[in-house]
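Please look over the sequence and the structure before reading on.

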Amino acid sequence: MSKVKYYYDSESLSYKKIEKRKRNTFKFASVFILASALFGLFFLFLTGNYIESPKEKALKRELENMKFQYEILNKKMNEAEAVLANVADRDNNIYRVYFEANPIPEEQRRAGFGGINRYKNLEGFDNSKLIIESNKRIDILQKQIVVQSKSLDEIAILAEEKEELLAAIPAIQPVSNEDLTRMASGYGMRSDPFTKVRKMHWGMDFTAPRGTPIYASGDGVVVRADSGSSGYGKHIRINHGFGYTSLYAHLYKYNVRKNQKVKRGDLIGFVGSTGRSEAPHLHYEIFKDGNRINPINFYYGSLTAEEFSKLLESASLENQSLD
């Protein structure tokens, strides 16, 4: 039961009962509701802009952590790009030059991705630009790694071929210096020992006693070990691959047979004077793609600089050949 309220009437000098009016009640209620609504809006504005909820604090921490992680990711990508650029530079300017391969153009290494927008699903977010840029860098980095990986695979194959080539090239003197009497004649125009007419001498003549060991100047396969070629007498031909063939003529006897595989330095025969020969010696020739070339250019594998200079001096003399 509500309390009855009175007020003092100064005219009648008595207390009178306060009568509640519905109009006033409605008025007070409306004012209270309006004030409450305004206070609520003010509180929402205050909390929304100046006071963070626990959930907002957690989301903010998560966002800050994400930005921090992206900064770390970008630093790592910078480092990876620098390392890859260094590898690419060595690949183009050292490895591919050494193995005689064309360098990979920079635009091919750093090419982007054409066609449809690959990053459309990443648009529309507050940090879309950062996310899209990072994804682009990662994609380009991955493509560069693929290009570099394929290049190194190619270099590995070329290295294997280069190793085979270096082993195959006829790079040593076929007769040891200790066994030589002298280098009788070199490659070039020489006087024929039988006709005394100057003609082209296609190889080098190494004077040595009969039975002196002769060594294979490079890895290869014996394709001939016979006396079927005019003038050469007993001779051996070794196919080294890569277009190289070496010939050893006027032998006393063989130490290999046809189709036998040999390694550089293997004993293949002995010095003699068979065929068109004036005295015991080894006539030595090198063919490249079917053409005779000067053997003196290939002795880097067995002679010192001083020995090579002496050999070069002897080979350049226009003396008489022995065959």
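The model is a predicted one. Its protein chain has five helices and 15 strands. Of the 323 residues in the chain, 33% count as buried.

**Overall make-up**

- Among contacts in the protein chain with a separation of 6 or more, 64% are accounted for by residues 24 or more positions apart.

**Nonpolar cores**

- The largest nonpolar core consists of 24 residues. Those with the most contacts inside this core are Ile 214, Ile 236, Ile 238, Tyr 248, Val 262, Ile 268 and Leu 282.
- Two or more residues of this core come from each of the strands β6 (204–207), β9 (235–241), β10 (244–249), β13 (267–271) and β14.
- Strand β14 gives the largest share of the core, three residues.
- Leaving aside residues up to four places away in sequence, Val 262 touches Ala 216, Gly 218, Asp 219, Gly 220, Val 222, Ile 238, Val 256 and Ile 268. Two of these partners, Ile 238 and Ile 268, are listed with Val 262 among the residues with the most contacts inside the largest core.

**His 283 in strand β14**

- His 283 belongs to strand β14, which covers residues 281–288.
- His 283 counts as buried because its relative accessible area is 3%, and the cut-off for buried is under 20%.
- The side chain of His 283 forms a polar contact with the side chain of Glu 285, at 2.6 Å.

- The structure contains one cavity of 30 Å³ or more. The volume of the largest cavity is about 30 Å³.
- The residues that line the largest cavity are Leu 84, Ala 88, Arg 109, Gln 144 and Gln 148.
- Helices α2 (54–98) and α4 (128–168) each contribute at least two residues to this lining.
- By residue type, the lining of the largest cavity divides into two nonpolar, two polar and one charged.

Notes: Residues numbered from 1 in each chain as written. Predicted model: local features only at pLDDT ≥ 70, side-chain atom pairs only at ≥ 80, totals over all residues. Heavy atoms only, no water. Helix = DSSP H or I, 4+ residues; strand = E, 2+ residues; numbered from the N terminus. Buried < 20%, exposed > 50% of the residue type's maximum accessible area, 1.4 Å probe, protein only. Polar contact = N/O pair within 3.5 Å; in protein donor to acceptor, adjacent residues only side chain to side chain. Core = buried A, V, L, I, M, F, W, Y, C linked by side-chain atoms within 4.5 Å. Contact = heavy atoms within 4.5 Å. 1 Å grid on protein atoms, 1.4 Å probe; cavity = no way out; pocket = protein on both sides within 12 Å on 5 of 7 lines; lining within 4 Å. Points joined across faces, edges and corners; volume = space filled by probe spheres on them. Nonpolar A, V, L, I, M, F, W, Y, C, P; charged D, E, K, R; others polar.
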